[in-house]
Amino acid sequence: MRDAAGVRPADGGGRRRRALLAVVLATVLSLAQQTSGRAGAAGDAAAARGARLFATLPCASCHDVGRPWPGGDVCPNLGNIAAEAGRILRLPEYRGRAKDAAGYLRESIVDPNAYIVPGASYRQADGQSVMPKTFGQTLTRSQLEDLVGFLLTRR
């Protein structure tokens, strides 16, 4: 850009472009932070609902979320199940369909025979899991996702 005398100002147009770019970048960053904050808040809320659900269902009577996996006299401890889920998925003896930790947790709740943690006390005499097989029918989709959200916090 040139002024009325035909002289190009030292940095007039460049400064405006940089200022506009700074405003655009600040807006984009602000929106990204708000979106991730909402997702985090939604995840935190789901995990809190899942923790309450875990405590009110029979889950807490068998699984200990304060101690590391596997352990447990009746069922595996779940204190670090989010980390263990990824390891379990890589085991050659894992025959389920899950592709990630959340999928493994969902699968374990609705189909406890997909993978039974090694341990004599975790199986019935017929080889089936001791975990009830009815959660797939009794939990709503939202409740299932809340439970998974809670268990994903157990690292």
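This is a predicted model: local features need pLDDT of at least 70, side-chain atom pairs count only at pLDDT 80 or more; totals for chains, interfaces and linings use all residues.
**Stop 1: helix α3.** Select residues 81–89, which form α3. Show the side chains of I81, A82, E84, A85, I88 and L89, which are buried. Look down the axis of α3: these buried residues fall within an arc of 160°, so they line one face of the helix.

**Stop 2: the core.** The largest nonpolar core has 30 residues. To find it, select F54, Y94, Y104, I109 and L151, the residues with the most contacts inside this core. Helix α1, residues 12–56, supplies at least two residues of the core, as do α3, α4 and α6.

**Stop 3: I109.** Centre the view on I109. Which residues is I109 in contact with, once its neighbours within four places in sequence are left aside? They are M131, F135, L139, L144, L147, V148 and L151.

**Stop 4: the largest pocket.** The largest pocket has a volume of about 480 Å³. Of its 30 lining residues, select H63, P76, L78, S108 and M131, the closest to the pocket centre. M131 is also a contact of I109 from the previous stop.

Next, colour the lining by element. Helices α2 (59–62), α4 and α6 each give two or more residues, and α4 gives the most, with four. Then colour the lining by class: 26 residues are nonpolar and four are polar, while none is charged.

Conventions:
Residues are numbered from 1 along each chain as its sequence is written. Side-chain values use heavy atoms; hydrogens and water are left out. Buried means under 20% relative accessible area, exposed over 50%, partly exposed in between (1.4 Å probe, protein chains only). The arc is that of the directions from the helix axis to the C-beta atoms. On a 1 Å grid over the protein atoms alone, a cavity is a set of points where a 1.4 Å probe fits but cannot get out, and a pocket is an open set with protein on both sides within 12 Å along at least five of seven lines; lining residues have an atom within 4 Å of a point. Grid points are joined across faces, edges and corners, and a volume is the space filled by probe spheres set on the points. Ala, Val, Leu, Ile, Met, Phe, Trp, Tyr, Cys and Pro count as nonpolar, Asp, Glu, Lys and Arg as charged, and the others, Gly among them, as polar. A nonpolar core is a set of buried Ala, Val, Leu, Ile, Met, Phe, Trp, Tyr and Cys residues joined through side-chain atoms within 4.5 Å. Contact means heavy atoms within 4.5 Å.
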